[in-house]
Amino acid sequence: MSVIVRDDGFHAEDFTGTAVEIAPETNTEEVLQLASGADLVRIVFPSFSDGRGFTHARRLRDAGYKGRIRAVGPVIADQYAMARRSGIDEVEIPDALAARQPAEQWVFRADWRAHDYRARLKG
């Protein structure tokens, strides 16, 4: 099983619609083509140290994709702000990771707009 993480904490799966899955090694043109017409793009993160999915999400948003983007895999709570800034709407993590990093740790990082380096420079 898995847990869906959003800015307000943990959720059960609630998606119905057309979804596609993007592997980390997928090239940019193929990512854009696969996402066309999909309501949800599931971007696979094989490990927390593989950041190619952040690039895929950013390129999708820059190309005008308006649907839901979900990071899938062992993304850790410390990466949540980066995921959100990249254009990812939610993260799907394994139950074991959710047990080690409870919802409070994810919600703590949910104010992702206020904690980037640009926000600190405006002071």
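1. Is R68 buried, partly exposed or exposed? In this model, which is a predicted one, R68 is partly exposed, because its relative accessible area is 24%, and a residue counts as buried only under 20%. The place of R68 is in strand β5, and, once residues up to four places away in sequence are set aside, R68 touches R6, D14, F15, D39, L40, V41, D89 and E90. The C-alpha atoms of R68 and P46 are separated by 20 Å, the two residues being 22 apart along the chain.

2. A reader new to the structure may want the overall plan next. The protein has six helices and six strands, and from the N terminus on these elements run in the order β-β-β-α-β-α-β-α-β-α-α-α. The C-alpha trace spans about 40 × 40 × 25 Å along its principal axes. For 123 residues, a compact globule would have a radius of gyration near 14 Å, and the value for the protein, 14 Å, agrees with this. Buried residues make up 43% of the 123 residues, and, among contacts between residues at least 6 apart in sequence, 63% join residues at least 24 apart.

3. Six of them form an open sheet with mixed pairing, in the order β2-β1-β6-β5-β4-β3. At the edges stand β2 (9-11) and β3, each of which has a single partner strand, so one side of each is left without a neighbour in the sheet. Neighbouring strands of this sheet are turned against each other by 30 degrees on average, with direction ignored.

4. Strand β1, which comprises residues 2-6, can be followed residue by residue. On one side, β1 pairs with β2 in the antiparallel sense over three bridges, and a hairpin joins these two strands through two residues. Within that pairing, I4 stands opposite H11, while R6 stands opposite G9. β1 also pairs with strand β6 (residues 90-94), again in the antiparallel sense, here over four bridges, and the bridge partner of I4 in β6 is E92. Four of the five residues of β1 are buried, so this strand is largely enclosed by the rest of the structure.

5. Helix α2 (residues 52-62) has G53, F54, H56, A57, L60 and R61 as its buried residues. These residues cover an arc of only 160 degrees around the axis, which puts them on the same side of α2. What covers them includes β3 (19-22), α1 (28-35), β4 (40-44), β5 (68-72) and α3 (80-86). As for its placement on the sheet, α2 lies across β3, β4 and β5 and runs at about 155 degrees to β4. The helix is followed by G64, whose phi is positive, near 100 degrees.

6. S86 is found in α3 and is buried, with a relative accessible area of 5%. Leaving aside its neighbours within four places in sequence, S86 is in contact with F54, A57, R58 and R61; F54, A57 and R61 are among the buried residues of α2.

7. Which residues touch the most other members of the largest nonpolar core? They are V41, I43, L60, I88, V91 and I93, in a core of 27 residues. The largest share of this core, three residues, comes from α2. In general, nonpolar side chains in soluble globular proteins tend to be buried together.

Technical notes:
Residues numbered from 1 in each chain as written. Predicted model: local features only at pLDDT ≥ 70, side-chain atom pairs only at ≥ 80, totals over all residues. Heavy atoms only, no water. Buried < 20%, exposed > 50% of the residue type's maximum accessible area, 1.4 Å probe, protein only. Arc of directions from axis to C-beta. Contact = heavy atoms within 4.5 Å. Core = buried A, V, L, I, M, F, W, Y, C linked by side-chain atoms within 4.5 Å. Pairing = 2+ DSSP bridges. Axes fitted to C-alpha atoms, helices over the stretch in contact; angles between N-to-C directions. Rg over C-alpha atoms; globule rule 2.2 N^0.38 Å.
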